[in-house]
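Let us walk through this structure together, one contact at a time. Have the viewer open and follow along as we go.

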Amino acid sequence: MSGLYIDGTWRSGRGPELVSTDPATGEAVWREATANQADVAEAVDAARRAFPAWADRPRDERIAILRRYKEILVERAAAFAEALSRETGKALWETKAELGSMAGKVDLSIRAYDERTGVTENAMPFGRAVLRHRAHGVMAVLGPFNFPGHLPNGHIVPALLAGDTVVFKPSEETPLAGQVMVEALEAAGVPAGVVNLVQGGRETGQALINQEIDGLLFTGSAAAGTFFRRHFADRPDVILALELGGNNPLIVWDADDAEAVAALVVQSAFITTGQRCSCARRLILPDDAFGRKVIEATATLADRLSIGPWNGEGEAFMGPLISARAATAARAIADTMGGERIRALGPVEGLSEAFVTPGIVDVTGVDTPDEELFAPWLQVRRVSSFDDALKAANATRYGLSAGLISNHSKRWDQFLNRIRAGVVNWNRPTTGAAGSMPFGGLGASGNHRPSAYYAADYCAYPVASFEAPAITDTLRDIKGLRG
């Protein structure tokens, strides 16, 4: 089977070869030719030609195909999870959970479509007013590497339910994950041209957004999101749903169990080796004895985290970063940051260069860049009051995720009213999310089109119609007639 899937056919691309490797070992796990401009144009053309029949297809039939897709995901879960782990380096317990989220997305998306973009009707003196929703057309989906199954799946499933067709380009870091997902959609009976797969890097993505698409559904960096906004500035007809990164704050205030707090901090900052857009990047706590105790407990717990390959002995909490290149870049950025090093973001003895240890730095009184470092790297800032903590938390151009650890509900009320973030958690990790809720942020973290349950909103547009069952004489309604 070749790397591209266009108009119901698997074939080789006409672009340069792309190789995906297991970051834990450097072993190649996928090697195929990528899509060039002509390949991408063919994929978009196939999606355009397939759109009318797919949008006209009874919704029950689209639902049946996607429910079959869910069954296939469950049937192939073990093999799919292993493919994800090989390509991303994530532990099997994480990729198995990712497969569970992918399968669960189908029923959630069906419910979301009915609740948010279904059909409603109201009686009117002349007949009825009806609200319906219609598919946009051809959706380009650009996937990320950190959740290469779950996150693009969260765009593709609602788009297909709405009647859109799709051209999907996975991250160049995780082409195998994209291929396995499209294989499942094909096996479920998705018609030719409805889902198309193109593989490649930046050039392939650029070729895709240069086509006459109707929407771009993207999960990735804030810099890329800014580029897409500019690119489509003169095309207001293109729907943009941008789920971007975050420089997420976690405040600790009015707590009394340093070890319990540390467990929440570690799960917020270091899960998935820090490669979640909702990971805590900044820990804000009181400048007192308890604050210092929390810092010490967090560092001690970080030292206990097992780090290893996805198929190693025992169960690792952290795997590698997506590549040795990413690890080298993250360590270079961490090394240039000021502050007091509590734990270094360093290499792991005996493992590949993609592995890093959790890093913690106290940056109290130090100006630091307002950037997302996609690694297990936590900045600590000590402040003198809760108002100062909130001010420090909001001192970012991002607004994706934020958390509060506190025993007092009054603090939570204050936090909830004043924090600028789209996903907020109380006494839970900042990475807490649910497919039955919206997921997205503001500022540099997105464009107010959250994904998850709210994906239904951007996959279809509302149509208001005013309908009379028969022609009636409305001559009397015309004002100012002569004669």
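Is Glu 42 buried, partly exposed or exposed? With 36% relative accessibility, Glu 42 counts as partly exposed, where buried means under 20% relative accessible area, exposed over 50%, and partly exposed in between (1.4 Å probe, protein chains only). Before going further, a word on the model: it is predicted, so local features need pLDDT of at least 70 and side-chain atom pairs count only at pLDDT 80 or more, while totals for chains, interfaces and linings use all residues. Residues are numbered from 1 along each chain as its sequence is written, and side-chain values use heavy atoms, with hydrogens and water left out.

Side chains of opposite charge can pair when their charged atoms come close. The structure holds 33 salt bridges, each one a side-chain nitrogen of Lys or Arg within 4 Å of a carboxyl oxygen of Asp or Glu. In one of them Glu 42 meets Arg 11, with the closest N and O atoms 2.8 Å apart. This pair links distant parts of the chain, since Glu 42 sits in helix H1 (residues 37-56) and Arg 11 in strand E2 (residues 9-11), 31 residues apart. Helices (H or I, at least four residues) and strands (E, at least two) are DSSP runs, numbered from the N terminus. Arg 11 is partly exposed, at 22% relative accessibility.

A second bridge joins the side chains of Glu 467 and Arg 128, at 2.6 Å from N to O. Here too distant parts of the chain are linked: Glu 467 belongs to strand E21 (residues 460-467) and Arg 128 to strand E6 (residues 127-135), 339 residues apart. Glu 467 counts as buried at 17% relative accessibility, whereas Arg 128, at 35%, counts as partly exposed.

Together with Asp 257, Glu 259 and Glu 296, Asp 256 forms a negative surface patch. Patches are made of residues with over 30% relative accessible area and no salt bridge, with like charges joined within 9 Å and nonpolar side chains (Val, Leu, Ile, Met, Phe, Trp, Tyr) within 5 Å.

Now to the rings. A pair of aromatic rings is described by the distance of the centres and the angle of the planes. A search of the whole structure finds seven aromatic pairs; rings of Phe, Tyr and Trp (its six-membered ring) pair if their centres lie within 6.5 Å, and planes under 30 degrees apart count as stacked, over 60 as edge-to-face and the rest as tilted. Phe 145 and Phe 374 make an edge-to-face pair, 5.9 Å centre to centre with 85° between the planes. Phe 145 is in the loop between strand E7 (138-142) and helix H5 (150-162) and Phe 374 in the loop between strand E15 (359-362) and strand E16 (377-383), so the pair ties together parts that are 229 residues apart in sequence. Phe 145 is partly exposed at 21% relative accessibility, and Phe 374 is partly exposed at 24%.

By contrast, the planes of Trp 412 and Phe 415 are at 25° and their centres 5.7 Å apart, so this pair is stacked. These two residues are three apart in helix H13 (residues 409-418), separated by about one helical turn, and both are buried. Elsewhere, ring pairs link Phe 218, Phe 227 and Phe 228 into a cluster.

Finally, turn to the backbone. Thr 273, in the loop between H9 and strand E13 (280-286), has a positive phi near 55° although the residue is not glycine. Thr 273 is buried, with a relative accessible area of 3%. Asn 427 likewise has a positive phi near 55°, but Asn 427 is partly exposed at 29%.

Definitions and conventions. Areas by Shrake-Rupley, 256 points an atom, 1.4 Å probe, with all protein chains shown as cover. Lys, Arg positive; Asp, Glu negative; His and termini not counted. Charge placed at Lys NZ, Arg CZ, Asp CG, Glu CD.
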